[in-house]
Amino acid sequence: MQVPFADIQLQYQHFRQEIDARVQACLASGAYINGPQVKEFAEALAAYLSVEHVIPCGNGTDALQIALMGLNLQPGDEVIVPSFAYISPAEAALLLQLKPVFADVKPDTFMLDEAQLEKYITSRTRTIIPVHLFGQIANMEAILEIARRHNLYVIEDAAQAMGATYTFSTGEIKKAGTIGHIGCTSFFPTKNLGCFGDGGALFTNNAELAGRLKQIANHGQEKKYTYRQVGINSRLDSIQAAVLLAKLPHLDEQNRHRVQIAEQYSAAFAPYNFFSTPVAEKGSSHVYHQYTLRLSNKTLRDLLINYLKEKSISSMIYYPQPLHLQQAFHHITCAENSFPVSEALSETVLSIPVYAELTPAQVDYVIESIAEFENLN
């Protein structure tokens, strides 16, 4: 049996009629840039998220860059980012001549470790970017309180957690990306809500900030050929918006399928002691963009990768090297900085297939194969 890591073609087949109809309408209209589909999608996503403003853009990395540009930061200002994450938050900061300050994460949930956060804050710190990794939300209540005490902005990287919810100690519930000053997401095809190319968006409840972000995404234009500031050219094209409009109504259902598969995995794997299964972050639901195991050691992980490959089951390492060890950031990292959790995770994590289109037979096959591996080792 073949079990690919993701199958976006199969997802397309499930929603083909709705997607094709919306894309054909877009093609027939001739409005391929900033067409009505883009505005309609922004409004639909704002309603889904219960947020005042959604600003579509070209991709998730652009969203982070636009967010940082919108805060009027100065060269040399510091931005705290987790070292165990994708490059985009640190990359966006560095491109704007800001200084990414790497922070370690927690060994169980892989989220930014709020207990260590204040040790990274200096007089130049302006922003914290928590990354909602693998489908759940960082401890935003604690992070927001720290940010409030130090007068810092919080930009959420919610690209892997679309649809996840966070419950505050007061009982208030918010969706990923709507909790900090600005939320950012990506619509990369394999995301929980993905288009058929690149796409992204920003979220905020601040009208003034939303206006600034919208201008930045469109060359800094206040109105046509009138530029209040220097911006960038970052647009969600109309065809991608049409695809997202077709898929958005199915997002919660797709996420429920992911959760069901993850729960089946976790129940089956509970007796095993050679790896740990995903742990819930305080206050957060989990939409399982990835189902990530943590193996006891690197050797065992490599053995499992090869065993699954022999069984035609795909797996992936997210991420094989923490950001503070990447050559691109050598000039800003210090020898005395230590990120033991991020380094250990990079040597021991392994993600297995968890997308909504997995069949019960495929899920059973993955479980049975890992059980066989456990018996052999």
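In this predicted model, strand 13, residues 291–295, runs antiparallel to strand 14 and is joined to it by four bridges. Within this pairing, Leu293 has Leu350 of strand 14 as its bridge partner. The two strands belong to an open sheet of three strands, ordered 12-13-14 and paired in the antiparallel sense. At the edges of this sheet lie strand 12 (275–276) and strand 14 (349–352), each of which pairs on one side only. Helix 10, residues 298–310, lies across strand 13 and strand 14, and its direction makes an angle of about 20° with strand 14.

The loop that separates helix 10 from helix 11 (340–348) contains Tyr319. The peptide bond leading from Tyr318 into Tyr319 is cis, with an omega value near 10°.

A helix pair may be considered next. Helix 9, residues 251–269, and helix 12, residues 360–376, have axes that come within 11 Å and cross at roughly 25°. Angles under 35 degrees count as roughly parallel, and helix 9 and helix 12 are therefore roughly parallel to each other. Their crossing is right-handed. On the side of helix 9, the contact is made by Ile261, Gln264, Tyr265, Ala268 and Phe269, which meet Val363, Asp364, Val366, Ile367 and Ile370 of helix 12.

Strand 4, residues 125–128, pairs with strand 5 in the parallel sense, over two bridges. In this pairing, Ile128 stands opposite Val154 of strand 5. Strand 5 covers residues 153–157, and four of its five residues are buried, so the strand is largely enclosed by the rest of the structure. What is the accessibility of Thr127? Thr127, a residue of strand 4, has 0% relative accessibility and therefore counts as buried, the limit for that class being under 20%. Apart from neighbours within four places in sequence, Thr127 is in contact with Leu68, Leu71, Leu73, Glu78, Val79, Ile80, Tyr153 and Ile155.

Strand 5 is also one of the elements packed against helix 5. In helix 5, which spans residues 88–95, the residues Ser88, Pro89, Ala90, Ala92 and Ala93 are buried. Against which elements do the buried residues of helix 5 pack? Besides strand 5, they pack against helix 4 (60–70), strand 2 (78–82) and strand 3 (99–103). Just after helix 5, Gln97 adopts a positive phi of about 65°.

Asn34 lies in the loop between helix 2 (16–29) and helix 3 (36–49); although Asn34 is not a glycine, its phi is positive, at about 50°. Tyr225 is located in the loop between strand 10 (221–223) and strand 11 (226–227), and its phi is near 65°, again a positive value in a residue other than glycine. Is Tyr225 buried or exposed? Its relative accessibility is 62%, so Tyr225 counts as exposed.

Note on methods:
Residues are numbered from 1 along each chain as its sequence is written. This is a predicted model: local features need pLDDT of at least 70, side-chain atom pairs count only at pLDDT 80 or more; totals for chains, interfaces and linings use all residues. Side-chain values use heavy atoms; hydrogens and water are left out. Two strands pair if DSSP finds at least two bridges between them. Contact means heavy atoms within 4.5 Å. Axes are lines fitted to C-alpha atoms, for helices over the stretch in contact, and angles run from 0 to 180 degrees between N-to-C directions. Angles under 35 degrees count as roughly parallel, over 145 as roughly antiparallel, 65 to 115 as roughly perpendicular and the rest as oblique. A crossing is left-handed if the near helix is turned anticlockwise from the far one by less than a right angle, and right-handed if clockwise. Buried means under 20% relative accessible area, exposed over 50%, partly exposed in between (1.4 Å probe, protein chains only).
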